[in-house]
Amino acid sequence: MRNKIFGLSALMGALLATPTWAVEWDLAVNYTALHTTNTARTTDNEIDEWIHQPGISVGAEHDGPNLQLSGGYQFERRIYEEDLFDDDSVTTGSAELLWHVVPERFDFVVRNSRTESARRSIEAITQDNRQVVSTTEAGPTLRFRTRGNDEFQLSYLYTDVNAETQTSSKRHTGTARYIVAFSATRSLTFEASSSQVEFDNSAAPDLDIWIGSATLAQTGSNTELSLTGGYTSVSRSSGLDDVDGPIFDLDLTWQASPNTVLGISGSRRIDDRSSALRAGTSDFGDSVDANSDLNEVFTETMAEISLTRTFGRSRLGIRVFAVQEDYEDVLRDNDRTGVGLTFGRDLTPLTTLSARIEVGTREFDDENEELDEVRGNVQLVWRAGRRLTVSIGVAYEEREADTLGTRDYDEWLARFGVSYALLGSRR
């Protein structure tokens, strides 16, 4: 249990050591009843059951001149009526504490995320195919003013990754960056970093990761742009070949009109962990299906275009995306493409309706399998009072393989939830 709440304990310890600043706390007790038509997500012999999920959630916010804190965690107990799976408990969420020890000169950061993810993305996400990955980071940053508003930074970050499979690791990262501030809205950042990764599993090769990059950031009246280009080199022990190549990251947001926002993003990176493992708590109908059981370097390339339109109290969004993961030595390569639609409407000041549907295809080249996927949900949230929130929802998920096998399934999920805030009000 101590390992599971390590990051939260570190943050709470920092809070207790600085009693002179106020924190806005949220504390709520929750109960959720889920009814599933296919609890094991099997092709046939489907089993329906009720899953009871009592829990508690805690959040904290503070934005002061020297300290900023933001975070929230959700603990829930899962009780399965059919006993096909053992009852279990899970804690997810994320938090970050930033302390300006010497303002504009010396910062210290502590952050933690706990994300529940699939162990193998090709398999259905059931209790047997998921784990919680906890990532805790801490380290200082030294900042030096140079010419005008330019700044030179030196930072060190210690990272502890704790997982239920043999993917836990300790990481040390040193970074030097120089920020050229052309104006208040435009900057160019040069960055070089070196990371040493040591896995708890002695059979996994240790990694030395070197990254050099340059980032242009610009904010205009209607646009925000961040463009990064660079190079990554990964050296692996155990006689394995090095992995290197160019990287990039593009994030463009354009306010085409007062009610319309266009987003374009794309990236190429070389890493050994999916960025989705830092997601924290998932919303109803969502799931993190990244491979979380691997100590393996891969190249991820992704692209996405999104359009969001506001109509009075309604919001409509569409996105088209493509993601490719290319693993070096493990047979897990996969390509994913899809389109998603979202809708939200404020029915009253206290009642919100939301809906989402996503249709896509995932190809697992090494397994010679292609999966067509459909996910969707509808949810109504009613703030019955300052402290009481009630929600009801329906979700659907379907997978269909192009080969005969056991990976086909469909599942309907009905949800009723109630939350009562003991401290603060629910955000």
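1. A residue is called buried under 20% relative accessible area, exposed over 50%, and partly exposed in between. Trp 412 has 45% relative accessibility, so this residue counts as partly exposed. Please keep in mind that the model is predicted.

2. The count of aromatic pairs comes to 4. One of them joins Tyr 80 and Phe 85, edge-to-face, with 5.8 Å centre to centre and 65 degrees between the planes. Tyr 80 and Phe 85 are both buried.

3. Tyr 396 and Trp 412 make a tilted pair, because their planes stand at 45 degrees, with the ring centres 4.6 Å apart. The pair links distant parts of the chain: Tyr 396 belongs to strand S19 (residues 388–401) and Trp 412 to strand S20 (residues 409–423), 16 residues apart.

4. The largest nonpolar core has 10 residues, including Val 197, Phe 199, Leu 207, Ile 209 and Val 243. Two or more of its residues come from each of strand S9 (186–199), strand S10 (207–219) and strand S12 (243–257). Another core, of 8 residues, lies apart from it and includes Ile 51, Tyr 80, Phe 85 and Phe 284.

5. Which residues does Val 197 touch, neighbours within four places in sequence left aside? They are Ser 169, Lys 170, Arg 171, Asp 206, Leu 207 and Ile 209.

6. The second largest pocket has a volume of about 1300 Å³. Its lining comprises 42 residues, with Thr 173, Glu 191, Ser 193, Ile 211 and Asp 271 nearest the centre. By type, the lining of this pocket divides into 12 nonpolar, 16 polar and 14 charged residues.

Definitions and conventions:
Residues numbered from 1 in each chain as written. Predicted model: local features only at pLDDT ≥ 70, side-chain atom pairs only at ≥ 80, totals over all residues. Heavy atoms only, no water. 1 Å grid on protein atoms, 1.4 Å probe; cavity = no way out; pocket = protein on both sides within 12 Å on 5 of 7 lines; lining within 4 Å. Points joined across faces, edges and corners; volume = space filled by probe spheres on them. Nonpolar A, V, L, I, M, F, W, Y, C, P; charged D, E, K, R; others polar. Core = buried A, V, L, I, M, F, W, Y, C linked by side-chain atoms within 4.5 Å. Buried < 20%, exposed > 50% of the residue type's maximum accessible area, 1.4 Å probe, protein only. Helix = DSSP H or I, 4+ residues; strand = E, 2+ residues; numbered from the N terminus. Contact = heavy atoms within 4.5 Å. Phe/Tyr/Trp six-rings, centres within 6.5 Å; stacked < 30°, edge-to-face > 60°.
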